[in-house]
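Student: I am new to this structure. Could we go through it in questions and answers?

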Amino acid sequence: MNNPIVDFHAHAFPDAIAGRAISQLEHGGGVKAFLDGTIVSLLGSMDAAGIRTSVVCSIATKPEQFDPMLKWSKEIASPRIVPLLSVHPKGADPVGQVRRVAEAGLQGIKLHPYYQDFDLDDASVFPLYKAIEELGLFLVCHTGFDFAFPRQRRADPVRILRVLDRVPGLRLITSHMGAWDDWDEVEKHLIGKPVTMDISLSLELLGRERAREMVLSHPADRILFGSDSPWSSQSETLRLFRSLGLGPELEDKILGKNAEMFLAPFSTSIRVP
Ligand SMILES: [Zn+2]
């Protein structure tokens, strides 16, 4: 049997708001979703692609979204769906919210500097990073530019290094091969360093040769498969990834084994809501 495949970067929404969320995001970013944004359609896509588990990243655009997101995340958590809570750094008590995520038995946090209006290395965000580190959670953070926002540097490789320099124990997963559409800087500052990255929404833009070169030049246990579904197709991302021709050992690590290093405690510590 093949090793289980983990998609470390996917999105879904509660059924009641999925339709609205998808159409708003499609308009905001000028993109088209491949799925309707519900958990059911994500599971269908996972079945079709042969993906065992998806990490579902929520993004709190307002601090008051935390409570409903926590409730929903506890409902959808399963061995197949690993929900990441989003804490708004500008809310009243982000550190307390991180604590509540850990208490709920959830494993990680998702932050998005553009939607949440902060720079990755803002001094005000460090207590949040410290809390994530101390509670043993991991952090998936959007890094690089975002197609829905002006090209303003908020989460670029230099800022990533500043964060890791100050909080070296932070289990940070950067997105989109280090920093979306900022890959010259990624090559300059991140490739070859102990910085974990997912490959979502990068292969189609980088092209086979450059993507392959970057992956092969990076530590083998620091790269995670991710699709950014529904903003790309999971099976197409998988096909593109396999077309890099990395060899079975490295492919296995990126598709699932590396993710298990983060998710291993999940299956044993998850509590029934
Ligand atoms: Zn995403």
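Student: Is Asp 228 buried or exposed?

Tutor: The model is predicted, with local features needing pLDDT of at least 70, side-chain atom pairs counting only at pLDDT 80 or more, and totals for chains, interfaces and linings using all residues. Residues are numbered from 1 along each chain as its sequence is written, and side-chain values use heavy atoms, without hydrogens and water. Buried means under 20% relative accessible area, exposed over 50%, and partly exposed in between (1.4 Å probe, protein chains only). Asp 228 has 6% relative accessibility, so Asp 228 is buried.

Student: Which residues are the protein donors of the zinc ion?

Tutor: Donors are N, O and S atoms within 2.8 Å of the metal (3.2 Å for Na, K and Ca); water is not among the atoms, so sites may look incomplete. At 2.1 to 2.2 Å from the zinc ion lie His 9 (NE2), His 11 (NE2) and Asp 228 (OD).

Student: How many residues apart in sequence are the parts that His 9 and Asp 228 tie together?

Tutor: Helices (H or I, at least four residues) and strands (E, at least two) are DSSP runs, numbered from the N terminus. His 9 belongs to strand E1 (residues 6-10), while Asp 228 sits in the loop between strand E8 (223-224) and helix H10 (234-242), so the parts tied together are apart in sequence by 219 residues.

Student: Where is Asn 258?

Tutor: Asn 258 is buried, at 3% relative accessible area. Its place, within residues 248-269, is helix H11.
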